[in-house]
Amino acid sequence: MKSYLFISLFLVSFSPLWAQPPGGAAGTRPGAGPAIVGRISGIVLDSINRQPVEFAAVALWDMKQDKQIDGIITDEKGHFRFPEVKAGKYKVQISFIGYQTKELSNLEITPQKPDVNVGQIMFSAEGLTLKEITVTGEAATIENKIDKMVYNAEKDVSTAGGDAAEVLRRVPLLSVDLDGNVSMRGSENIMILINGRPSSMFAASVADALRTIPADQIKSVEVITAPTARFDGEGSGGIINIITKRKSAQGVTGSASLAVGNRINRGNFNLNMAKGRFGMNANISGWGSWKRPGFVDFYREDYLADNQVRTFTQNGSAVTQNYGPGGSVSAFYDLNAYNTFSSNLSFRGHGDTRNEVVNSVFNDPLAGFNQTYTRTSNSSSLRGGFDWTTDYRRTFKKPEQELILAIQLDGNQNSNKNSLEQLADDPSLLRNERNNNLGYNLETTLQLDYMHPISPRVKMETGLKGILRNIDSDFNNEYWDYDLQQFIVNDLRTDEFYYDQDVLSGYLSFTTKLGEKYGLVTGARYERTYISGDFKTQPATFSNSYGNFLPNIIISRNFKNYRTLRLSYTQRIQRPGLRNVNPFVNFNDARNISYGNPELLPELSNQVELSYNANIKGVSTNVAVFYRRTDDVIESLLKINENGVSETTFQNIGITESWGVNLFASFTLKKFWTLRGNLNVNTYDGQSTLPGLNLSRQAVVWGGNINSSFSFPKDIKLEIFGNYRAPRQTLQGFVPSFTMLNVGLQKEFKKKLTLGITIVQPFSEYIKFPSELQDDNFYQKSISLIPFRSFGLNVGYRFGKVDFNKAPRQRRNSIRNDDQNRDDDGGGGGR
């Protein structure tokens, strides 16, 4: 009932605004049309080599008021465009590191001539010196903005033929382990968005979801460490927004790419079309790996009475293979200058197979036996899903006044099948089982956002949102009866689990310009969560509800030469995801079982951050220090029962505190050589709060990466990338560290055809990944050996011709479900 009531209130709450005429004010003269708006466009070229200058800052000034009213950056072809400019006189100011500032004045928009195309603008470089090294302007791969850091992935040739995980490894502040699990400044409690929108594809496995996104399809990655109230409260560690490549210029364009290697193969095709007020994009992709062997050694000991030690050892090998298709189609239509509709439908898939043979020895001195057996298992999984989102966007005569209504449906279905056979001399150890788990996940989102400029210096943002999640997990187990010679259903491990999670929220935020140098963003968000769950046959039911008031504040100070100091405070929550709550018991290894905990509470974190951005003599730098405290931390907890079986589940295990510093620098040497480096250092200080559990752990965690980019004559590019991620800490131990070296070489022909080669981990075929867990009752260690060296060839082709001077106005995605586990306006925040 509460959900239907919310939806009704949601649809009528802003109806007075919808009833207003386009002018946005009651009493506007009937029949009055919108004021004439035009556009100002041009192309910025290097005055020496006549090549486009990408990422140059272009500011639009109102000459009558003598103030800046808009600002954008040039695209990869040097184009810029201000799509909606009212009648009047303007000037355009163009600036970029390593170039002399260029200014064009007296550009007039009139009803008779509303469009001004300034044509080609020659941008003259100026020499900057760093000691004896000549530094010139660079097309920024990393951008430090007021409210986020942006990594422009399409500038990196070493990720060609890879996936999203390989792209995220290159992003400052982020770390990605071997399995594709992502952390930001030591925390894995982050929210990942696609084009500003959530996706339930990340609910079951972030790593599997990242494998389905081709690196060639990613335009940029935004890292947001201090989200404003407009963002959902989830993601206690921060937010990652992956922006995919979508063209909106007039004309028909497309691209195709193919990558073939000894580890993985991938293909991708894109088609873009825009004409007048209508446009659409389509994409289809697929990937598949070759069979990959792997090896593991495992040892565990737990401590019994009379100083006896019980041991369990395993060693074995496995062969895995992965594959997956994906695609999307999107369209937009500008009804008029004030009303726009857009819609996007995407689909995804992921499949994998695993065949494993493991030899085990279990020794229990108190029970007086030593068991030896061999287990053979074969497993397969299939996951498929879709996202459908439709937006209605309404603008008004008043600049920056905007109303957005959006709806999203997000569905997932997965099937996991496993069969195993265990052989031994002891008949009691014989096993022959089949396990199946079918999962269904449907998520419905309604969202309403309204932005209103109260004055030239104060902007208000407010909105309502409802997320309705329905999860169904159907699991069953069958065992072979050696007497009856047939499979029998195991009722104790067969059931169906129903889980509902509804989140209703509202927010209010203000962005204020305090003079010319200071900015302030203040806001708060309230979220009410309703949870319920039950089983089809078991008499276990539960329900819970809780509310969270989440404030945030950001203060920024601008200095000369693109320098900014920012201080922020945010409070965030992290709700348990599907993987955390699914009660399905994984019995693949009978002495190492795992399952979810549907009664988990959300984490609550408080973070303070001080950051400084600067461009000093051509060197772009970012330094940030932070403190974060998280209560009710969700971590996996392993316990050994009286039979020597380890049970791993998730618990709200305790409290963690972390102090950290992040350093990033980027600069260009000798025109053709760019260096970028990133270092993250933070502490881990955890303390358990569960009754009867006395655990604490302190550690210093560090990681980083370095990238060297070369641009040679005849459109040849070389990228060398190195990455290190320290072991991830938990209260019971650590999981493996990760080191990787990538080399990419690419040659471009006539701006259409590209050929390249990518090499990963050239100096070692296998990588070892050790992990350790322990408490007062046990010690456990495992070492995995994974083949990682790879060589790949990739080819790409672009076709079609576009007219950027007639490009339709830019659009932003509106729905961001950044609530679950897993504007540069000088104000320090924004959208």
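Glu356 counts as buried, at 12% relative accessibility. Buried here means under 20% relative accessible area, exposed means over 50%, and partly exposed lies in between (1.4 Å probe, protein chains only). The model is predicted, so local features need pLDDT of at least 70 and side-chain atom pairs count only at pLDDT 80 or more, while totals for chains, interfaces and linings use all residues. Residues are numbered from 1 along each chain as its sequence is written, and side-chain values use heavy atoms, with hydrogens and water left out.

What does Glu356 pair with? Its salt-bridge partner is Arg354, and the closest N and O atoms are 3.3 Å apart. A salt bridge is a side-chain nitrogen of Lys or Arg within 4 Å of a carboxyl oxygen of Asp or Glu. Arg354 is partly exposed, at 34% relative accessibility.

The whole structure holds 21 salt bridges. Another of them joins the side chains of Arg348 and Asp387, at 2.7 Å from N to O. Arg348 sits in strand β22 (residues 339-364) and Asp387 in strand β23 (residues 369-395), so this pair ties together parts that are 39 residues apart in sequence. Helices (H or I, at least four residues) and strands (E, at least two) are DSSP runs, numbered from the N terminus. Arg348 is buried, at 11% relative accessibility. Asp387 is buried as well, at 9%.

Next comes Glu496. Its salt bridge is with Lys536, and the closest N and O atoms lie 4.0 Å apart. Glu496 belongs to strand β28 (residues 495-514), whereas Lys536 is in the loop between β29 (518-535) and β30 (541-559); the pair therefore ties together parts 40 residues apart in sequence. Glu496 is buried, with a relative accessible area of 12%. Lys536 is exposed, at 58%.

Arg591 lies in the loop between β32 (586-589) and β33 (592-594). Leaving out residues up to four places away in sequence, its contacts (heavy atoms within 4.5 Å) include Arg300, Phe312, Phe362, Tyr373 and Asn643.

Now the sheet. Three strands form an open sheet in the order β4-β1-β7, with mixed pairing. β4 (79-86) and β7 (115-123) stand at the edges with a single partner strand each, so one side of each has no neighbour in the sheet. From one strand to the next, the twist averages 15 degrees. Two strands pair if DSSP finds at least two bridges between them. β1 (residues 37-46) and β4 run antiparallel and are joined by six bridges. Ser41 has Arg81 in β4 as its bridge partner.

Last, the cores. A nonpolar core is a set of buried Ala, Val, Leu, Ile, Met, Phe, Trp, Tyr and Cys residues joined through side-chain atoms within 4.5 Å. The largest has 24 residues, of which Leu168, Val182, Leu210, Ile218 and Ile240 touch the most other members. Elements giving two or more residues to this core include α3 (164-168), α5 (206-211) and β15 (218-224). The largest share, four residues, comes from α3. Apart from this core lies another, of 20 residues, among them Val53, Ile109, Ile121 and Phe123.

Methods. Axes are lines fitted to C-alpha atoms, for helices over the stretch in contact, and angles run from 0 to 180 degrees between N-to-C directions.
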